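Biologist: I'd like to learn how to read a fold from its strands and helices. Could you walk me through it?

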Amino acid sequence: MAKKTPQRSFNDVLSVLGGQRFDVAPAQDGAKRVPNAFQVRKFGCAAEIAPAQDGTPMILSRPGVLVGGEIARLVDRGYQKFFKTSKMEIPATADHLRSLHEFTEELKEALGATSLYNQALGTTSDVYHYDRVKGREDESH
């Protein structure tokens, strides 16, 4: 069953994040050009958040590991997970995945977001790319 904490205002969330030792700083220019966007960091991971129109927090960019100062997306290639930025791709290590999982869970709790059971068990990928044999993607018998 989903665990939900009370909804907080954006300013309350910033206070909670600071109290939980997150580094909170104004987001870079690429934060979807949303005013008052902030980047939150901890454990070598980061995400970008901003206030929604109703004053509650919204996530602009999903949590990811920081690679070269950029938030990397987690890509699952079936045989291994990778972190991909606009400039590079690196193999994900167990330490990366543990850090990302812990960061994501702490961020969700601070935001008052729903924590889903399957996501609470481990890290989920942003993108799934599995090897396929050419021509078998759309086979129908």
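Modeller: Two strands count as paired if DSSP finds at least two bridges between them. Strands (E, at least two residues) and helices (H or I, at least four) are DSSP runs, numbered from the N terminus. In β4, for instance, Gly64 is the bridge partner of Ala46. A word on the source: this is a predicted model, where local features need pLDDT of at least 70 and side-chain atom pairs count only at pLDDT 80 or more, while totals for chains, interfaces and linings use all residues. Residues are numbered from 1 along each chain as its sequence is written, and side-chain values use heavy atoms, with hydrogens and water left out.

Biologist: In what order do the five strands form the open sheet?

Modeller: The order is β1-β2-β3-β4-β5, with antiparallel pairing. β1 (23-26) and β5 (70-71) stand at the edges with a single partner strand each, so one side of each has no neighbour in the sheet.

Biologist: Which strands does helix α1 lie across?

Modeller: Angles run from 0 to 180 degrees between N-to-C directions, using axes fitted to C-alpha atoms, for helices over the stretch in contact. Contact means heavy atoms within 4.5 Å. Helix α1 (residues 10-19) lies across β1, β2 (38-42), β3 (45-51) and β4, at about 155° to β3. Helix α2 (residues 94-111) also packs on the sheet, touching β2, β3 and β4, and makes about 160° with β4.

Biologist: Is Thr56 buried or exposed?

Modeller: Buried means under 20% relative accessible area, exposed over 50%, and partly exposed in between (1.4 Å probe, protein chains only). Thr56, in the loop between β3 and β4, has a relative accessible area of 18%, so it is buried. Beyond its neighbours within four places in sequence, Thr56 is in contact with Gln7, Arg8, Phe10, Ala50 and Pro51. As for β3, six of its seven residues are buried, so it is largely enclosed by the rest of the structure.
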